[in-house]
Amino acid sequence: MNKVIKSADKAAEKIIKWGEAHNIETCFDRAEKLKPCPIGESGACCRVCHMGPCRLVGKNAEEEARGICGATLPTVAARNLVRMIAAGTAAHSDHARDMAFTLFAVASGETKDFQIKDVRKLYRVAEILGIEFGNGRAVNDVAKDVALKFLEDFTRQKGELNYVKRAPKKTQERWRKWGVTPRGIDREVVEAMHRTSVGVDHEPDHLLTHGLRTALADGWGGCMVSTDITDILFGTPKPLKAEASFGIFKEDEVNLVVHGHEPTLAEMIVDVTEEPEMIAYAKSKGAKGINLGGMCCTANEVLMRHGIPTAGGFTNQELGIMTGLIDALTVDVQCIMPAIAELSKKFHTKVITTSEKAKIQGAMHVEYDEHRAKEVAREIVKIACDNFPNRTKEGSHITDKFPVIAGFSHEYIEYMQGGRWRASFRPLNDAIMAGRIRGVVGLAGCDNPRVPSTGLHRFLAVELIKNDVLIVSTGCGSAACGTAGYLTPEMALENAGPGLREVCEAIGIPPILHIGACVDNSRILTIATAMAHEGGLSDEIGGMPAVGIAPEWMSEKAIAIGCYFAASGVPVIFGGESPVGASKEITKIMTEVWFERFMGAMHFEPDPEKILSIALNYIDAAREKLKLRKYEPGKFGAERVLMDMAARRELEKKSAVPHAGVGG
Ligand code: NFS
């Protein structure tokens, strides 16, 4: 891979070059200047007390090195990892907590600005949670009970998270057997911090076991709760068309960008930008209209539900400002580079922080409050409009953009395989069994300025689909593919292997399914569960021909996600240097021991070619163990016919007979 380029995204690279010519510093320059500390990078630096920091290095560090308290290298590396898991879990879960509060506020009439958009999803969730619905029960009463039940997940001290029971039985049994079943989200995070403080838990495996319990509280708690409430409030995504990259900004309209992770304010901004008064206000400032765009995961949330275009992922945030076209950039929480406040001063862009939890020096602050959501949204839109006349010629004015198809929720994937009345995972399982689809990869996680940014995602995306691997993507993995033009059905025609191509053509889907923001990795858990229940593959999540890959990860949230996949039974491969690389013992636990216990694992591998071969090896080994047909490109076994659009429509007309055999 070309090391000279800083981003594999051509439009991004053009802006980086423009910045270099104009002496504007970005994360790419800082990444060059600031080499990572090799001791901290590999997990060998202990900072949990102030006798140190103790750096556990040396030839025989694993056997001999001790901190002042006597902590060994494996203990230190394990503690560091568990703290990353705790931080990642806290981030997703605190977001989920706010979603639960919003659901409660809506259901109890405290806020009038939002309504429950997806009653069907509400009932689906209520059913799982054992809450009464239908039979004349008011929707808001059901929603209130759902919100309260979810809030219990945060404060529960003993017992099990609500959604533990949603996992396949065998997966649950493994969790109980190995003592990783999560109790309450807050409890697991607090306990992780306690155990890793000076002088508490020192046995590496014991520490990591609690790490997995905390991570599971993230996956089957924080992330899943957040996904479900967001669907209930704002609608479960269905495929729609949108666009990606910097060309989404318009020269003659007010460009307002939502960046961060929380969907609530962004949803309200989507609403108010369509109000005639707001459009008239923009026109009064000389603009032709209001153009809303997104970045990072807030972008994914509004892209999935409204087709709002995305300017891309994490490393595109400074570059977006450098187009000179953003009139206002609102940020909420997570993955927001503080550098944007300073950078924005070189342009006309207003950076607006909106969360009570997150401020940036030098940025404006307009605080979001769910009780006056519309008012806050209008205020923000007006700031953007007021700033439009201040736009200058300054900036790179890049115009590249690509079409994107996004919006593949669990529910839609189920639906697309059989229609509303016989929605199922049968065709997907059959295609895997027949070898038409070799396996499934979740391509997720951040983009990173330490590699040619988005380049590892793009390389793996193309190679995997060539190998007939269906990809489900989330977060900045989706943004990396979207800004490359990979999220279209044409991608299957041009690049997918023959089996995968047939499947994509039959259903009319891209070979890479954008399933949402990072919290929506939980959709992969429920999809894998549905595949286990469908039969013919593994009867638990573990053992499926499925792998998770986060080739450019940087966030602690990614570590929490990787670990909850590993504990749920999915082998995971992360790019970059290993944050536990200093300890062979920890590396062994996370790969071999976790695989024995959970059928999942967590590897770190900087070389993208090796990531690919590890992933394919896992997939082929799982196929062999399940006694599936050996994968050979272009050769498939017998399988039932996939349902195409026409057949599905026909079926829905006659929909009175459910379960009349699939795909016949
Ligand atoms: Ni995920 Fe989304 Fe992106 Fe990484 Fe950050 S935006 S939550 S953490 S950088 S994928």
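Entry 1: Gly442 has Gly548 of β13 as its bridge partner. My strands (E, at least two residues) and helices (H or I, at least four) are DSSP runs, numbered from the N terminus. I count two strands as paired if DSSP finds at least two bridges between them.

A note on provenance: this is a predicted model, where local features need pLDDT of at least 70 and side-chain atom pairs count only at pLDDT 80 or more, while totals for chains, interfaces and linings use all residues. Residues are numbered from 1 along each chain as its sequence is written, and side-chain values use heavy atoms, with hydrogens and water left out.

Back to the sheet: it is open, with six strands in the order β12-β11-β10-β13-β14-β15 and parallel pairing. The edges are β12 and β15 (601–604), each pairing on one side only. Ignoring direction, neighbouring strands are turned by 20 degrees against each other on average. For angles I use axes fitted as lines to C-alpha atoms (for helices over the stretch in contact), and the values run from 0 to 180 degrees between N-to-C directions.

I then looked at what packs on this sheet. Helix α19 lies across β10, β11 (469–474), β12 and β13, at about 150 degrees to β11. Helix α25 (584–598) touches β14 and β15, and its direction makes about 160 degrees with that of β15. Contact here means heavy atoms within 4.5 Å.

**Entry 2: strand β14.** Which way do the side chains of β14 point? Pro571 and Ile573 go one way, Val572 and Phe574 the other, and all are buried. Buried is under 20% relative accessible area, exposed is over 50%, and partly exposed is in between (1.4 Å probe, protein chains only).

**Entry 3: Val451.** At 25% relative accessibility it counts as partly exposed. Leaving out residues up to four places away in sequence, Val451 touches Lys6, Leu456 and Glu552. I also checked Val451 against Gly576: they are 125 residues apart in sequence but 8.7 Å apart in space, C-alpha to C-alpha.

**Entry 4: nickel.** How many donors does the protein give to the nickel atom of the ligand? There is a single one, Cys518 (SG), 2.2 Å away. Cys518 sits in the loop between β12 (512–516) and α23 (521–534). The four donor atoms around the nickel subtend angles of 90 to 164 degrees, so the arrangement is irregular. Donors are N, O and S atoms within 2.8 Å of the metal (3.2 Å for Na, K and Ca); water is not among the atoms, so sites may look incomplete. Four donors are tetrahedral if all angles lie between 85 and 135 degrees; four are square planar and six octahedral if opposite donors are over 155 degrees apart and all others between 65 and 115; anything else is irregular.

**Entry 5: five-stranded sheet.** This open sheet has the order β5-β4-β6-β7-β8 with parallel pairing. β5 (290–295) and β8 (364–365) are its edges, each pairing on one side only. Two bridges join β7 (350–353) to β8, and Ile352 stands opposite Met364. Helix α11 (263–272) lies across β4 (254–260), β5 and β6 (328–331), at about 160 degrees to β4.

**Entry 6: cores.** The largest nonpolar core has 171 residues, and Val146, Ile559 and Trp594 have the most contacts inside it. Helix α10 (204–234) gives the most, 14 residues. A second, separate core of 34 residues includes Val331, Cys335, Met337 and Val351. A core is a set of buried Ala, Val, Leu, Ile, Met, Phe, Trp, Tyr and Cys residues joined through side-chain atoms within 4.5 Å.

Entry 7: Cys335 has a positive phi, near 60 degrees, though not a glycine. Ser245, also not a glycine, has a positive phi of about 100 degrees and is buried at 0% relative accessible area. Gly52 and Pro53 are joined by a cis peptide bond, omega about 5 degrees.
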